[in-house]
2 protein chains.
Amino acid sequence: MSEPAAPMDDPDYKAAIVDLLGALAYGEVAAFERLAQDSELAPGLADRTELQGMAATEFGHYRKLADRLASLGADPVTAMVPFQRALDEFHDRTAPADWFEALVKAYVGEGLTADFYREIAANLDEDTRALILEILDDEGQAAFAVDRVKAGIAADSRLAGRLALFGRRLMGEALVQGQSVAAERDALTAMLAGGVGRPGFDLATIGRLFTRLTENHVARMGTLGLAP
Amino acid sequence: MSEPAAPMDDPDYKAAIVDLLGALAYGEVAAFERLAQDSELAPGLADRTELQGMAATEFGHYRKLADRLASLGADPVTAMVPFQRALDEFHDRTAPADWFEALVKAYVGEGLTADFYREIAANLDEDTRALILEILDDEGQAAFAVDRVKAGIAADSRLAGRLALFGRRLMGEALVQGQSVAAERDALTAMLAGGVGRPGFDLATIGRLFTRLTENHVARMGTLGLAP
């Protein structure tokens with residue numbers, strides 16, 4: 001294993017990490033907001049508090065990421081702003097039409113986010129990686145959605161087609177917005193592509209990353225009883 | 001000091017505690033929802049995350065209260081349902097029209113809730129009191145609202161009149177809904193009034209309690225630079 005030395009004195013690396021943490025932080029803020037909103041679609045108080053609990057957990061992640069940004073001397077809001085448009089657009093375009101879509105979005109969204117965190121963790125400096133892994137410890141809260149979605153499909157088989165379509169839309173919009181961020185944020189993309197003279201991802205690695213993200217998405221859709 | 005013995009084997013006391021915890025738990029759920037919604041009124045991301053942070057903290061309180069209900073053998077949802085109408089009505093009738101009203105509601109609401117928790121803690125069994133005091137440890141998050149409201153009034157003096165009116169409405173609605181809950185929930189009211197054969201509040205004590213809650217409200221309005 002080649003372990004990169006703590007490289008925060010490299011200004012390019014530090015800029016890329018501030019970008020990465022800003023993107024993740026706004027991702028958590030946006031997830032908080034949308035999960036809190038989506039919880040209102042729940043048929044009852046027990047389901048409602050499940051989604052609210054996920055929202056509260058996301059906000060805890062935001063706090064950790066914002067604290068790290070501050071300790072790097074970066075203003076959290078300034079670091080988040082560049083990612084606001086893409087993430088808001090993702091959420092606007094994938095607003096759930098009902099409780100079942102909210103469940104699919106919570107489950108697929110948590111899984112996709114966890115995959116992304118896991119993938120990027122490997123090539124980061126030790127402190128940043130430890131933070132990412134700490135946040136990953138909270139995953140699995142959306143597992144309750146699986147039973148709910150399966151029960152919904154059992155009660156109304158037409159639901160499966162609509163939710164499968166919605167799941168594809170989620171993945172498609174995530175990829176589109178991800179690409180638009182990558183195109184705009186050079187330092188971040190350079191780091192993820194290994195372009196700042198340290199171990200990182202080359203383009204073939206990024207291709208394999210997208211393949212793994214997609215494979216995991218397909219597996220999650222299967223777990224929900226939905227066609228990929 | 002007369003310390004009440006752990007009285008959970010008294011079914012009346014236990015029923016009253018389940019009622020109390022259910023009321024507090026739904027109070028936290030409703031606060032989470034409304035703070036999350038109200039955060040959208042914020043003029044910028046920094047202010048938005050302040051209110052979201054308060055919301056996330058309220059959800060943490062909900063979790064603690066729900067865990068305690070479960071450990072008493074009570075279903076949290078069943079315990080919360082009787083208080084849903086009154087608390088939803090309170091929030092519906094005090095929905096902030098803008099960011100400044102959201103700030104006043106966050107500040108006044110946190111203060112009033114903390115006062116109520118502090119007042120009831122004294123006469124509860126030790127375990128319940130410890131839980132209440134643990135939750136009280138989080139208070140003070142709305143302090144940021146003071147500077148914001150004062151700056152708003154400095155920029156537009158007409159704001160003070162509208163916010164003072166809104167603050168009075170908050171207190172009025174809280175008292176109305178509190179009374180409607182007290183009228184409906186006999187076990188809870190009996191406990192708060194000391195009616196289940198153990199140290200509690202008599203009616204004169206309740207009168208003084210309301211006086212203190214009101215005095216503290218007046219003091220908070222003053223801190224915000226508003227007429228009571």
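**Entry: what I am reading**

I note that this is a predicted model, in which local features need pLDDT of at least 70 and side-chain atom pairs count only at pLDDT 80 or more, while totals for chains, interfaces and linings use all residues. Residues are numbered from 1 along each chain as its sequence is written, chains are lettered from A and ligands numbered from 1 in the order in which they are written, and side-chain values use heavy atoms, with hydrogens and water left out.

I then checked confidence, given as pLDDT, the predictor's confidence in each residue from 0 to 100. Chain A averages 90, and 93% of the residues score at least 70. For the complex I wrote down an ipTM of 0.80 and a pTM of 0.87 from the predictor.

**Entry: the two copies**

I looked at how the chains are related, superposing them by least squares on the C-alpha atoms of residues with pLDDT of at least 70 in both. A rotation of 180 degrees with 0.0 Å of shift along its axis places chain A on chain B with an RMSD of 0.0 Å. The two copies are thus related as by a two-fold rotation axis, and in chain A the C-alpha nearest that axis belongs to A:Ala56, 2.3 Å from it.

**Entry: the interface**

I counted 24 residues of chain A in contact with 24 residues of chain B, contact meaning heavy atoms within 4.5 Å. The two chains bury about 1900 Å² between them, 60% of it on carbon and sulfur atoms; buried area is the accessible area (1.4 Å probe) that two parts lose on being put together, summed over both. A:Phe32, A:Leu45 and A:Gln52 supply 27% of the area that chain A buries against chain B, more than any other three residues.

Between chain A and chain B I found two salt bridges. In one of them A:Arg48 pairs with B:Glu33, the closest N and O atoms being 2.6 Å apart, and B:Arg48 meets A:Glu33, also at 2.6 Å from N to O. B:Arg48 lies in helix α2 (residues 45-71) of chain B and A:Glu33 in helix α1 of chain A, so this pair joins two chains; helices here are DSSP runs (H or I, at least four residues), numbered from the N terminus. A:Glu33 is buried, with a relative accessible area of 7%, where buried means under 20%, exposed over 50% and partly exposed in between (1.4 Å probe, protein chains only).

**Entry: aromatic rings**

I found five aromatic pairs over all chains, counting rings of Phe, Tyr and Trp (its six-membered ring) whose centres lie within 6.5 Å, with planes under 30 degrees apart called stacked, over 60 edge-to-face and the rest tilted. The rings of A:Phe32 and A:Phe59 have their centres 5.5 Å apart and their planes at 65 degrees, so I recorded the pair as edge-to-face. Because A:Phe32 lies in helix α1 (residues 11-38) and A:Phe59 in helix α2 (residues 45-71) of chain A, this pair ties together parts that are 27 residues apart in sequence. A:Phe32 also forms an edge-to-face pair with B:Phe32, at 5.8 Å centre to centre and 70 degrees between the planes, and both of these residues are buried.

Terms used
Salt bridge = Lys/Arg side-chain N within 4 Å of Asp/Glu carboxyl O.
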